[in-house]
Amino acid sequence: MVATTARRVSAVPLAPGRVPVLGHAPALLRDPLGFLGSLSRYGGVVQIRLGPRAVLVVTDAALVHTLLVALARDCPRGAVQDTLKNAFGDGLLMSDGSAHRDRRRTVQPVFGPDRMTAYVPLMQRVAEERIGRWQAGQVVDVPKEMNHLALEIVTRALFGARLREDSTIAFHRALPDMVKGQIVQSLYPHPAFARLPLPVNRRFDAAVRVLNRVVDQAVGAAGEAAPADGTLTALLRGAVDPASGRPLTEADVRSEAITMFGAGTETISSTLTWFIQELLDHPEVAARVLDELDEQLEPGAELTPEAIERLGYTRSVAHEVLRLHTPNAFLMRTATKQVELGPYTVPAGTELLYSLTALHRDPALYPDPMRFDPGRQQPGGAPAAGRHAFMAFGAGKHKCIGEAFAWAEMAVAAATILRRWKLTPVPGVRTREVVWTAVQAQGLRVAVTPRRAAARNGLPSQGTLSCPTEATR
Ligand code: HEM
């Protein structure tokens with residue numbers, strides 16, 4: 001029935017602005033979010049050309065949900081993740097089908113709700129250690145500090161390990177080259193292009209080597225000191241692959257580790273950076289967050305999952321930050337057989353692309369979408385249009401496995417930083433978006449003053465953040 005009424009894919013509107021040979025690739029690379037965000041006005045599914053390849057961009061939230069949930073089996077991951085698969089193996093972020101299902105079951109226990117009881121105080125300790133190194137009056141590079149914090153939390157919580165400072169720095173230096181390579185390689189007309197000695201490929205390969213070295217440090221070699229009980233390393237080394245009946249290989253262990261580092265650090269650090277930027281821009285929101293932290297958390301007490309639950313307003317703020325600054329700029333799927341997507345029949349082999357960031361900035365879902373308003377996320381706030389208006393963590397079988405971990409981490413990091421330090425923006429400096437496959441937050445610098453000292457010196461009594469000057473806005 002559907003097949004007879006469905007329209008052929010050639011009826012999908014073609015986005016304007018295509019140039020000879022390269023198609024829409026220059027527009028996509030020049031301003032990914034501007035370009036992807038502009039497409040919803042042409043339809044819920046829009047065709048673009050990346051060089052010789054035709055790609056369908058899904059701009060309608062309900063259709064993105066259909067693609068991720070109802071069509072998940074027939075539309076596995078596409079070119080962007082395949083690049084990583086070649087470099088890092090079959091970790092959860094790269095795999096599909098039964099291999100993915102089995103691995104997800106194996107890994108799931110480290111993200112179980114019972115684990116949060118141990119993770120939350122550990123996250124607090126790591127955050128206190130890191131921000132405890134800040135000196136009064138120091139100017140702090142916020143994205144860099146948040147990168148280090150997020151990497152350290154994942155390493156210690158999931159792997160029970162500590163990275164050396166030089167490894168942490170190497171990791172963060174290598175990541176952008178890896179991500180750039182990932183996106184450029186996914187646009188190549190043929191995978192063999194990734195083997196050409198182009199600068200982007202060479203930097204990608206070098207970054208992969210660095211990342212693998214850092215991962216080796218986190219998981220240690222098999223047979224070295226036994227990994228601590230309950231860690232992901234111990235879980236993976238004790239697991240059996242249901243398909244082969246054999247223990248997982250060391251390559252599998254490393255692949256899962258790089259997955260967690262890749263998926264669980266930059267997403268968090270850019271969200272935390274934007275969280276701070278939005279509080280600097282909205283002192284009334286900052287004051288309310290701080291009031292809630294003071295009212296709901298006992299001074300000096302260890303944080304618990306229950307204590308975090310009480311931070312309802314802080315969570316609404318984090319929710320709105322994730323809506324407006326959704327880290328995953330674009331993700332892809334490939335149809336492995338013919339499927340029906342909304343009004344269209346999509347043939348096997350079609351590549352489909354969607355941007356969660358662009359979706360969350362669509363005025364059809366969120367009126368005045370670029371306005372930061374935590375009220376939208378509160379009970380009784382203006383509801384977003386449509387049931388699938390918020391998908392920062394994805395949907396379906398690949399939905400973020402670290403979602404609960406991420407919410408807890410954002411609340412713990414925000415509470416720990418804001419209760420201890422007053423943050424004052426450096427004039428003229430603010431966060432900017434740098435978009436590859438992820439939306440990175442770069443540039444924010446703040447001067448830090450201990451909060452108690454700030455109050456003693458007569459600085460704003462509510463303030464953990466001081467109002468930015470006009471020059472910084
Ligand atoms: C603000 C923070 C985060 C956001 C917005 C986020 C977002 C996402 C999204 C959109 C996906 C789905 C990707 C797809 O469909 O292809 C995903 C998957 C995943 N995320 Fe997260 N993530 C966050 C934090 C984390 C953390 C902290 C971890 C781990 C420590 C993590 C681990 C993963 C893994 C392993 C997957 C792959 C799941 C699978 O395919 O089964 N993420 N994440």
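**Entry 1: second largest cavity**

I looked up the second largest cavity and found it lined by Leu 36, Gly 37, Ser 40, Val 57, Val 58, Thr 59, Tyr 354, Ser 355, Ala 358, Leu 359 and Asp 362. The elements that contribute two or more residues to this lining are α3 (32-38), β3 (53-58) and α17 (356-360). I am working from a predicted model, in which local features need pLDDT of at least 70 and side-chain atom pairs count only at pLDDT 80 or more, while totals for chains, interfaces and linings use all residues. Residues are numbered from 1 along each chain as its sequence is written, and side-chain values use heavy atoms, with hydrogens and water left out.

I noted a volume of about 80 Å³ for the second largest cavity. By class its lining has six nonpolar, four polar and one charged residues (Ala, Val, Leu, Ile, Met, Phe, Trp, Tyr, Cys and Pro count as nonpolar, Asp, Glu, Lys and Arg as charged, and the others, Gly among them, as polar). In total I recorded four cavities of 30 Å³ or more in the structure. On a 1 Å grid over the protein atoms alone, a cavity is a set of points where a 1.4 Å probe fits but cannot get out, and a pocket is an open set with protein on both sides within 12 Å along at least five of seven lines; lining residues have an atom within 4 Å of a point. A volume is the space filled by probe spheres set on the points, which are joined across faces, edges and corners.

**Entry 2: largest pocket**

I read a volume of about 500 Å³ for the largest pocket. Its lining holds 17 residues, and Pro 299, Gly 300, Arg 419, Arg 420 and Arg 452 lie nearest the centre. Two or more lining residues come from each of α7 (116-131), α14 (283-296), α18 (403-420) and α19 (451-456). The largest share, four residues, belongs to α7. I counted this lining by class as six nonpolar, three polar and eight charged residues. Helices (H or I, at least four residues) and strands (E, at least two) are DSSP runs, numbered from the N terminus.

**Entry 3: α14 with α18**

I next examined two helices that also line the largest pocket. The axes of α14 and α18 come within 10 Å and cross at roughly 95° (axes are lines fitted to C-alpha atoms, for helices over the stretch in contact, and angles run from 0 to 180 degrees between N-to-C directions). The two helices are therefore roughly perpendicular to each other (65 to 115 degrees; under 35 counts as roughly parallel, over 145 as roughly antiparallel and the rest as oblique). Val 289, Leu 290 and Leu 293 of α14 meet Ala 415, Leu 418 and Arg 419 of α18, where contact means heavy atoms within 4.5 Å. This contact has five nonpolar, no polar and one charged residues.

**Entry 4: α5 with α10**

I found that the axes of α5 (residues 79-88) and α10 (residues 199-219) come within 11 Å and cross at roughly 60°. α5 and α10 are therefore oblique to each other. Their contact is made by Thr 83, Ala 87 and Phe 88 of α5 and Phe 204, Val 208, Leu 211 and Asn 212 of α10. I classed these residues as five nonpolar, two polar and no charged.
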